[in-house]
Amino acid sequence: VAKSLAEAEAALYEPVLFASTKVSSTERQRTSEEKTVNFTAVNENALYEDGKTAELGVRQRLPTGGELAVSARSARRNSNILLKAGVELEVNSGLVLTLKQPLMRGRGVGITETDRRVSELELVIAQWQFRQQLQKAVTEGLAVFWQAHAASESVRLRQQLLANADRFVVDAQERIEAGRLPPRAVNEAQRMRLIRHSEALRAKQSRDDLMGKLLTSVDLPYDRLPDLSLRAVPVAQSNDREIATPQMALDQWAPYRIAGLRQAQGQVRFNFAANQQRPAVDLVMSHTQAGLSDPHGNWAWSTARSGVYPEWYVGLNFELGAGGNAKARSQAEAQQWRVIQAETERTAIQQAFLNDYYVKRDALRTVEQELRLVEDDLLLRENFLSQERLRVAVGGATLVNQLQAEQDWLDAQIRQVEVFGRREVARLTFMLAEGTLLLSHGVETPLPIEP
């Protein structure tokens, strides 16, 4: 839409062809002066005249705000008075060149091209808005993907925890039968199994909800859920980043650039409104090469083209509001306040972005540190599980020790999966802030170029 409107305004200087035609008929009494001047038809008391007028030309708007027109004009008439004088048809032809140039109100390229400039800025705004919407869609889609991936891994691990709880129950029953545990011990094992089962169901519900959102984002029906599988491929952040500083990231932040363009639009409109407060003073010039036909209506055009009988005039038109042009003054004041409002909004967006940039950067660093700690804990628990398995194999520990170590190891994996998912979401939000999100994920979108 914005592109079509900009192209429409770009046709500002497109030449305009114009034409007019008029047929007239006059029946009236002749004045005493007309009778005195024309002795040939002194006894004719009435005038019967038929006329035809036609004009064809081209009009061109000028960057200075003026208008240049070139036209060919022809007026044909016959009457009873002309017939008395021996004239069958009178033709008056002319080649006309007219220039109208504003000297105060409406003068200048900036005033003439106000709508064009505003539409060009609106096109750039639309391009930034498209980029912003694309960034939002990619961020939301990838965030749901990583959340769904973490939820899927959590379901898988919680199913293993449920199986581990089943083995706890079986081990407790065997030890009770062997007389090594009191009968109530199986109740505690069964309680823990119910808790694990409930956690597995909640994880499955959360996963299905996220999978549904993911299906919606890729335009697939819900019955495709069983066919959906997620393969996580983290996008590596390059050390050679396109964005090096927060200020450079700010220059690519769509809301900030849109606010700046809105401010520029307001300034263009304010300049136009301020110009409209001036008086209207127009310079008008015209030059006509006229030619009159012979008594039979011939040779009018050849006489006009020869330029033997030129006509010209130069004049000034002046117009000033009797009340001081209160409308233009109020409109200029309103546009000035809009410029101030846009500038204030742009400053607020700038400060909010810079604060949010540092918050997201610190959040990413924190979650990366947390992930390293969780991975270290997972490694320790994996080593401990290996040791417990060896101890059970050589008879140095019971099965319950191994089951507890497996449970701790699976819990650590769940924490690692959840923190990994949060880390990826934090990376997405920071990559969005620094301006590398789309490029890092293979989405080629060149930055809009301001006119």
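Biologist: How do the axes of α5 and α6 cross, and at what angle?
Modeller: This is a predicted model, so take the geometry as computed. The general idea is to compare N-to-C directions: angles over 145 degrees count as roughly antiparallel. Here the two axes come within 8 Å and cross at roughly 165 degrees, so α5 and α6 are roughly antiparallel to each other. The crossing of α5 past α6 is left-handed.

Biologist: Which residues have the most contacts inside the largest nonpolar core?
Modeller: Leu-214, Trp-253, Phe-353, Tyr-357 and Leu-437, in a core of 35 residues. Among the elements giving two or more residues to this core are α5, α6, α8 and α10. Apart from it lies another core, of nine residues, including Trp-128 and Ile-258.

Biologist: What is Phe-353 in contact with, leaving aside its neighbours within four places in sequence?
Modeller: Pro-246, Ala-249, Leu-250, Trp-253 and Ala-433.

Biologist: Now Ser-74: buried or exposed?
Modeller: The cut-off for buried is under 20% relative accessible area. Ser-74, in strand β3, comes out at 14%, so it's buried. Beyond four places in sequence, its contacts include Lys-52, Val-91, Asn-92 and Trp-301.

Technical notes. Residues numbered from 1 in each chain as written. Predicted model: local features only at pLDDT ≥ 70, side-chain atom pairs only at ≥ 80, totals over all residues. Heavy atoms only, no water. Core = buried A, V, L, I, M, F, W, Y, C linked by side-chain atoms within 4.5 Å. Buried < 20%, exposed > 50% of the residue type's maximum accessible area, 1.4 Å probe, protein only. Helix = DSSP H or I, 4+ residues; strand = E, 2+ residues; numbered from the N terminus. Contact = heavy atoms within 4.5 Å. Axes fitted to C-alpha atoms, helices over the stretch in contact; angles between N-to-C directions. Parallel < 35°, antiparallel > 145°, perpendicular 65-115°, else oblique. Left-handed = near helix turned anticlockwise from the far one by under 90°.
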